[in-house]
Every structure is written in C-alpha cells, then in structure tokens.
Amino acid sequence: MTLTEDAGVRGIVVACGAAADLPARLGDVPLVHTGHRPGKAEIDPLLGEHDRLVVLGSDADLAAVVVRLMRREVLPGVSVGFVATESGSRVSAHWRLPADPDEAFALAWKGEDAETSLVRDDTGGVLLGHATLRDVKGQAYCDEQVAFDGSVSGIEVAPDDSGVTARITRGKLVKRSSTFRGRAFQLGCLPTSSLVIDGVPQEREVTRRTWYRHTVDLRAVRG
C-alpha cells in the first residue's frame with residue numbers, strides 16, 4: 001500500500017522517539033524525526049508550513065505537539081492526526097481510531113478533521129488521554145458540584161465531547177466510584193506526588209490543579 005498520494009493538505013508526519021523506525025511502506029511522505037515529547041525547537045518551525053501534523057508516538061508525544069499549537073495560537077489552522085505506537089492508548093480509544101496501524105495512518109493522513117473539545121490545565125499543559133491520582137486528601141469540584149471532600153483512593157480525569165469527565169474512587173478493599181461531567185474540574189489537596197498525565201509521572205508534588213475546556217477546539221482527525 002502506498003500512502004504518498006495528495007492528502008489535500010500540506011501535511012507532514014512527526015515521528016517521535018522510537019517511531020523514527022518507520023516501515024518502508026510509508027514511502028516518501030514528508031517526514032520529520034523528533035525525540036519523545038517534542039518541544040518548541042522541533043515543532044514550531046513546522047507551524048505555518050503545514051496544514052496537518054500526523055503524530056506517530058505515544059499519547060504524551062501527541063500532547064507535547066498540541067501544547068505547541070495551543071501556545072502559538074494556531075489551533076484553528078492545523079489539523080492533527082495520530083497513530084499510537086504504544087498499546088493501550090487512551091487517545092486512540094477516545095478518538096475511535098483503527099487498531100490496525102496501516103488503517104490508522106491512512107485515516108490520519110487523509111481523513112476529515114472534526115472540531116474536538118481540548119482540555120487544558122492551569123499550568124499551560126493539555127490533557128488528551130487521562131490524568132490519574134491516588135490516595136488524595138482534599139476537596140474537588142466539577143463546575144459548581146462538589147466531587148468530594150475528604151479522602152479518596154483514586155481520581156481519573158479525562159476529556160469528553162463537552163469538557164471533562166472525572167471519576168472519583170473511594171475505598172480500598174471495597175471500591176465504589178462516582179462520575180462527574182462538566183466544563184472544568186478543580187482539585188485542592190494535601191501535597192501528592194501521584195499525579196500521572198497522559199502516562200507521564202509528574203516530577204513535582206502538587207497541591208492544586210484545574211483542568212478545563214479550552215476556548216478553542218482542536219481539529220482532530222477522528223474515526
């Protein structure tokens with residue numbers, strides 16, 4: 001299968017980390033190799049030159065690329081496709097992408113994009129897959145509703161089509177969970193180092209974090 005036909009846009013493949021070992025069947029599609037979670041020096045030169053970025057990598061790699069689009073304020077002008085190179089990708093599930101890599105790439109390269117709610121946080125990052133915390137003591141709100149006040153064994157925050165979904169788990173042996181949906185989820189807690197965002201453990205302890213729907217949507221190539 002050849003995938004070098006005109007995609008109707010000025011597209012380029014961004015192969016992150018181990019994804020630089022691409023199969024020969026990708027042919028001569030425009031391609032740039034980057035490290036894991038590429039930053040300003042690697043992504044910004046592509047902006048303005050390309051209408052579509054197809055990211056081959058992990059959920060965290062994709063999030064790093066989208067951060068650059070958000071910070072450069074070019075989200076409306078660039079569509080984003082994704083081919084996960086790791087199993088269990090939460091973005092692939094959320095975007096309903098094909099499990100077969102060839103089909104996933106064909107969709108990412110040639111498929112139609114759709115406006116998709118983008119969740120960001122109050123530190124300038126984005127959330128594309130999910131964020132988790134464990135053994136948290138504090139208080140959280142989803143919009144105006146109290147999600148919890150006290151101790152919980154787990155928190156999972158993920159994007160949905162209107163904003164964010166937060167699942168709160170209580171109990172150790174007998175677990176019970178509650179789900180909240182809204183535009184924003186706000187957490188204040190005792191210091192914890194358990195925060196993991198899109199598969200990446202955060203280096204610093206956190207005492208507060210807010211995730212909320214960004215004012216500009218992401219143009220995602222979805223199934």
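Biologist: What should I know about the model before I look at it?
Modeller: It is a predicted model, in which local features need pLDDT of at least 70 and side-chain atom pairs count only at pLDDT 80 or more, while totals for chains, interfaces and linings use all residues. Residues are numbered from 1 along each chain as its sequence is written, and side-chain values use heavy atoms, with hydrogens and water left out.

Biologist: OK, in what order do the 6 strands of the open sheet run?
Modeller: The order is E2-E1-E3-E4-E16-E5, with mixed pairing; strands (E, at least two residues) and helices (H or I, at least four) are DSSP runs numbered from the N terminus, and two strands pair if DSSP finds at least two bridges between them.

Biologist: And which strands stand at the edges?
Modeller: Strand E2 (31–34) and strand E5 (113–116) do, and each has a single partner strand, so one side of each is left without a neighbour in the sheet. Neighbouring strands of this sheet are turned by 30 degrees against each other on average, direction ignored.

Biologist: How does E1 pair with E2, parallel or antiparallel?
Modeller: E1 (residues 11–16) and E2 pair in the parallel sense over 4 bridges, and valine 13 stands opposite leucine 31 in E2.

Biologist: Which strands does helix H2 lie across?
Modeller: Helix H2 (residues 59–71) lies across E1, E3 (52–57), E4 (79–84) and E16 (218–221), and runs at about 150 degrees to E3. Helix H4 (residues 101–110) lies across E1, E3, E4 and E16 as well, at about 160 degrees to E3. Those angles run from 0 to 180 degrees between N-to-C directions, with axes fitted to C-alpha atoms, for helices over the stretch in contact.

Biologist: Switching to holes: how many cavities of 30 Å³ or more are there?
Modeller: The search of the whole structure finds 1, and about 50 Å³ of space lies in the largest cavity. On a 1 Å grid over the protein atoms alone, a cavity is a set of points where a 1.4 Å probe fits but cannot get out, whereas a pocket is an open set with protein on both sides within 12 Å along at least five of seven lines, and lining residues have an atom within 4 Å of a point.

Biologist: What lines that cavity?
Modeller: Its lining includes His94, Trp95, Pro159 and Leu218, and by class it has 7 nonpolar, 3 polar and no charged residues.

Biologist: And the largest pocket, how much space lies in it?
Modeller: About 620 Å³, lined by 23 residues, of which Arg37, Val67, Arg71, Gly125 and Gln202 lie nearest its centre. Helix H2 gives the largest share of that lining, 6 residues, and by class the lining of this pocket has 10 nonpolar, 5 polar and 8 charged residues.

Biologist: Last topic, arginine 213: which strand is it in, and which side chain does its own side chain make a polar contact with?
Modeller: Arginine 213 lies in strand E15, and its side chain makes a polar contact with the side chain of aspartate 217 at 3.1 Å. The backbone oxygen of serine 162 lies 3.2 Å from a polar atom of the arginine 213 side chain. A polar contact is a pair of N or O atoms within 3.5 Å; within protein, one must be able to donate a hydrogen and the other to accept it, and residues adjacent in sequence count only if both atoms are side-chain atoms.

Biologist: What does E15 pair with?
Modeller: E12 and E15 pair in the antiparallel sense over 6 bridges, and leucine 187 stands opposite arginine 209 in E15.

How values were computed:
Contact means heavy atoms within 4.5 Å. Grid points are joined across faces, edges and corners, and a volume is the space filled by probe spheres set on the points. Ala, Val, Leu, Ile, Met, Phe, Trp, Tyr, Cys and Pro count as nonpolar, Asp, Glu, Lys and Arg as charged, and the others, Gly among them, as polar.
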